[in-house]
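Reader: I have just opened this structure and would like a friendly tour. Could we go through it by question and answer?

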Amino acid sequence: MFGLVGRAVESLYYVCVGLWTVAKHTGRAPITKEFPDTMPDLPGAFRGRLALAVNPETSEHLCISCRQCERVCPDKCIDITAHKSPETGKLELIDFKIDHGLCMFCGLCTEVCPTTCIINTNDFEMSDYSREALIYDLKKLTLTQDESAHYFSKKYLPIPKPKPKPAPKPAAAAAKPADGVAAPAKPAPPAAKPAEGAAAAKSAPAATDKPAGDAAATKPTAEKKADDSKDSEKEKAAPEPSAAEGKAEPDKTEG
Amino acid sequence: MAPEKIEALTSTRLKTDEMIINMGPQHPATHGVLRLLLTLDGEFVKHVEPVVGHLHRAQEWQGQNRTWFQYQALIDRVDYLSGMFTSWAMARAAEKVDGCQVPLRGEYMRVIVSEMNRITSHLLWLGTYGIDLGAMFGFPFYPFREREKLLDLLEAISGQRMMFNYIRIGGVQSEAPPGWFAKVSEFVKEFPDRVDEYEAILTNNPIFIKRTKGVGILKKQLALDYGVTGPSLRASGVPLDLRKTKPYSVYDRLKFEVPIHEGDGDTFDRYVLRVKEMRESNEILRQCLEQIPGGTADELRERRKACNSCGKADCSNCGGDLMIMAKKQNAGLRIKAGEGFDAIESPRGILGCYIISTGGDTAYRFKWRNPSFCNLAALPDLLIDHPIADIMAIFGSIDVILPDVDR
Amino acid sequence: MNPAVFEIGKFARLTVIWLSIIFGAVWAACWAVGVFAPALINASGMPTETASLASEVLRALVPVVAVAVFIPINAMFMVLCERRALALFTVRKGPNRVGPDGLLQTAADAVKLLFKEDITPHGADAVMFTAAPIIFFAPSIIGVLPLLAAASGNHELFRSVNLPTGIFYVLAIASIPVVGIVMGGWASNNKYSLVGALRSAAQAISYEIPLVLSIVAVCLMAGTLDVVKIADQQKDSLLSWNIFGGGALLPYVNLVVAGLQGNNEQVQAIMQHFQAQPLGPFAAVLMVVCCIIFFGIYITGACAEVNRIPFDLPEAESELVSGYNTEYSGIKFAIFFLAEFTNLFVVCSIASIMFLGGGHAPLPGLEQGFTEMLGGILKQLPGSKEIFSPGWLINSLVNPSTVSQAFWIILKTYSLVIFAILIRATLPRFRIDQLMAFGWKRLIPLSLILLIALTYLRELV
């Protein structure tokens, strides 16, 4: 009988201890992160959306089309189109596609990249209305100079040295239409996207004197799906047109 | 009258029709996609048939069709609550075959991150076990709060919250970011108080004790017969913990107790044991932070300024024990020909990996020994003659992760 | 500012806003039907007989209007209150998106539920399936009525629902919902629902007994079944509340007070009274203990009666998916939900009327002082005699004693509701056989023993 009463009192005591422990939490600051209002403070190592960085100092595109990432990707979600430039004998990037619907964000591509070009950004909001919209192309993938600088400092990456031969490039771009004609003719494979094939010649500094409006005019025809995505994507792409536009110019000049 | 008829008439229990109930795979409480085919007599379980395989992803086959480097990224998905351990088991087996020696700092980093991972796994178990027992509106948030802190730390070092891809063949992927060690030691300091809070809510709670004591008794012999490992086995009184019985990595340099409960091996014992294990893991973390060669990552960075992080193997600031990676990580990662097995102690039990390599960049054969699968085998014996309400109490207490069962 | 204090402040603000809306709306509706409309009719120059008949009919409608307005809004608030309070207990913020600071969250939820598809599962008994939520919900409406009289301090508008056997009626009505649960569970054509419903029936039957016995104990001490009288008996102070023995300790406290004040005559008078009852002090203390235990039993039984954790077996999510309401959706589910929260409110208000002194303030003088102060202000108003003048409007709208009583009963009831939420945040769930064992082997014998003890102790005090 007394045992029973003792047990009852003891049980009641421990229930009260539990209630008190819970009630004590009322006096603590909430740990809720109000997500859309305040963005989470993500670490530099966070593996979010993949992107291609440019050199934070010279804004030249870092990709050398070595296809290491394409080979290592376990999901085979990277598709690189490149061709060998006839005048320099070097690989030139034509298009770089990543299907973020397939990507599992393992970060292996960023590890094997010899020029720290492909990086995981801290962006994780990529939801879209169709699967096709998740296939990002070169223009959507490439970061601006500022963004690249931000991620290079956040990830403690060493600033890459500028590419060895800046000299031959202006020469190549300025180098008459004759080469320009040969270039678009060669990349036959991207038959499905002929307009993008035009975005061939890489970073031609001569293109900077070209009005930006011209590039903007050629792009929408190239791919429509880029437009229905976020505005910020356009902002990202805007300062970068040199790559896409480098080709457009020789075309124009000769046509 | 025939004797059996008399028996039936005088039997103290009324005979009723048995009811067959399909619990799962979409039942809210089966922790995933386990299907239990229950035969019930009233509310009591007469027969159980666990149906597994709803989540089969051919992990072993995938390992044989991917390169070593690619498979490392995939293997975290097997046991998603303790990705560090699956990576570690594979890394250890591959290192054994390859004969490569992991640097000491790399080993310490492995122990630190995987003990953190063990705590997150047990915390999640604790929260969901509260849900299984019906304390579903307040209690689960407390363990999850601490788990969130640990996951943030693991994210900071590895890049993702659960699919870490951090422990690699030959070491660990990267050095910790600045300030990481300080945050870990801050967590280590406050964590025991938090465990006290969980215990204040649950351990002595009379309802909790009633629900768990004497329920789902796993006898020592039965546990051994089924090959149950991990906390479930230790709760039955068998002191089998690979960290202690067959110390791997740097566990022989650390002082810690393997909690063993000399009880009946009921669900309450398994609960007590896991809570103790969290405290022990915290203790291991504390020791590792003291012992790790080279000190914190920030200190090491300071030292490395002298040699400009040369990374040479004979450098006193970069090489030797202070390295974290012994093998070059690239797409062409190769393991020498041979075969080998190695096992580690995961939060759920002994996690083993058997590898046959032909020297190429792809494995010839993978075989996983997953603790959840073996522990699940004991479930039917535990459930017999328990009411429906206890199914979740027992099933929750053996802590099964369904992707780990089905692979 | 400390963010935790900030959160508590926000919770308090939300509670005050919602409660003012609820009770303001209820009282405004009652006033419009019971005071303003009859006054209009009288002033409209109708024949006197017709006018008085019409006024009578309108007055009789007042309690119905009050309940009809009160229950839906109150349930909405309680859901929000529960979610916010649980958030406070679990260091979160809770719903804070819809409307200013989440004020309209449950309103939005209710709208969502209304627009959801109403599904009747294949093989279900459609009639029973539809009737179940109604039978579950109806008792909580009619059960509240007698409590209105007690809660409003026997206001004249609610006198018609003041039954002489009020608490008996409330308890009788409160045991009907279980029929709705069993109907719903059976009609759903789902094994989990059926198990949940049968569990609920077993549970309701076993826990009704200790619940009723603890109420019986209070009635025994009060000597009446009339809720208004029971509430009135506890009006003096904290010590005359039934949870503290219904005034058993009062003479002793008076003695101490008189001794401290040095009032010898009074001390002598009280001492004489004690000599007639030598066991008095001892019995009084025991009686207080008994009453506190009875209060605990009542709370336990009430939790079981309204299926709250730790007795929420009928809808035990980890075992039975969602118990008897697994197959319900849309408006029917909303009705189940509504009724559950209303039932919680009803049992809490019964507790505060029966045990915690109803609408009376815990300290003597508080209520009187407030009433006098407010009454003084109201008298100052111009033209308070003239019909339809602002003074008349305010005077008929604000009744000082009702305001005070309403304030205290709301405070007490919602404190109990928050306590129930705290329990919900802490305790795990019983198993069905343990629940039965606890009910039949512990609570019922305990309450029987205490009831007998109380009968004797009452004579000794």
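Predicted model: local features only at pLDDT ≥ 70, side-chain atom pairs only at ≥ 80, totals over all residues.

Reader: Among contacts in chain A between residues at least 6 apart in sequence, what share joins residues at least 24 apart?
Author: A contact here means heavy atoms within 4.5 Å. Taking the pairs in chain A that are at least 6 apart in sequence, the share joining residues at least 24 apart is 80%.

Reader: Which strands of the open sheet in chain A stand at the edges?
Author: The sheet has three strands in the order β2-β3-β5 (chain A), and the pairing is antiparallel. A strand with a single partner has one side left without a neighbour in the sheet, so the edge strands of chain A are β2 (78–84) and β5 (135–136).

Reader: Which residue in β3(A) stands opposite I78(A)?
Author: Strands of a sheet pair through backbone hydrogen bonds, either parallel or antiparallel. Here β2(A) and β3 (residues 91–99) of chain A take the antiparallel sense, with seven bridges. Opposite I78(A) you will find I98(A).

Reader: What does helix α1 of chain A reach from its first C-alpha to its last?
Author: The helix covers residues 2–24 of chain A, 23 residues in total. At 1.5 Å a residue, 33 Å would be expected, and the value in the model is close to that: 32 Å.

Reader: Which helices do the buried residues of α1(A) pack against?
Author: The buried residues of this helix are V15(A), G18(A), L19(A), T21(A) and V22(A). Their packing partners lie in two other chains: α6 (141–158), α7 (180–202) and α8 (206–212) of chain B, together with α2 (48–89) and α16 (400–426) of chain C.

Reader: Is V57(C) buried, partly exposed or exposed?
Author: This residue lies in helix α2 of chain C. With L53(C), L61(C) and V64(C), V57(C) forms a nonpolar surface patch of about 360 Å² of accessible area together. Buried means under 20% relative accessible area and exposed means over 50%, so V57(C), at 48%, is partly exposed.

Reader: How many residues lie between β6(B) and β7(B) in their hairpin?
Author: Strand β6 (residues 338–346) and strand β7 (residues 349–357) of chain B run antiparallel and are joined by nine bridges. One of the pairs is E345(B) with I350(B), its bridge partner in β7(B). The number of residues between the two strands of this hairpin is two.

Key. Residues numbered from 1 in each chain as written. Chains lettered and ligands numbered in written order. Heavy atoms only, no water. Pairing = 2+ DSSP bridges. Helix = DSSP H or I, 4+ residues; strand = E, 2+ residues; numbered from the N terminus. Expected span 1.5 Å × (residues − 1). Buried < 20%, exposed > 50% of the residue type's maximum accessible area, 1.4 Å probe, protein only. Patch = residues over 30% accessible without salt bridge, like charges linked within 9 Å, V, L, I, M, F, W, Y side chains within 5 Å. Areas by Shrake-Rupley, 256 points an atom, 1.4 Å probe, with all protein chains shown as cover. Salt bridge = Lys/Arg side-chain N within 4 Å of Asp/Glu carboxyl O.
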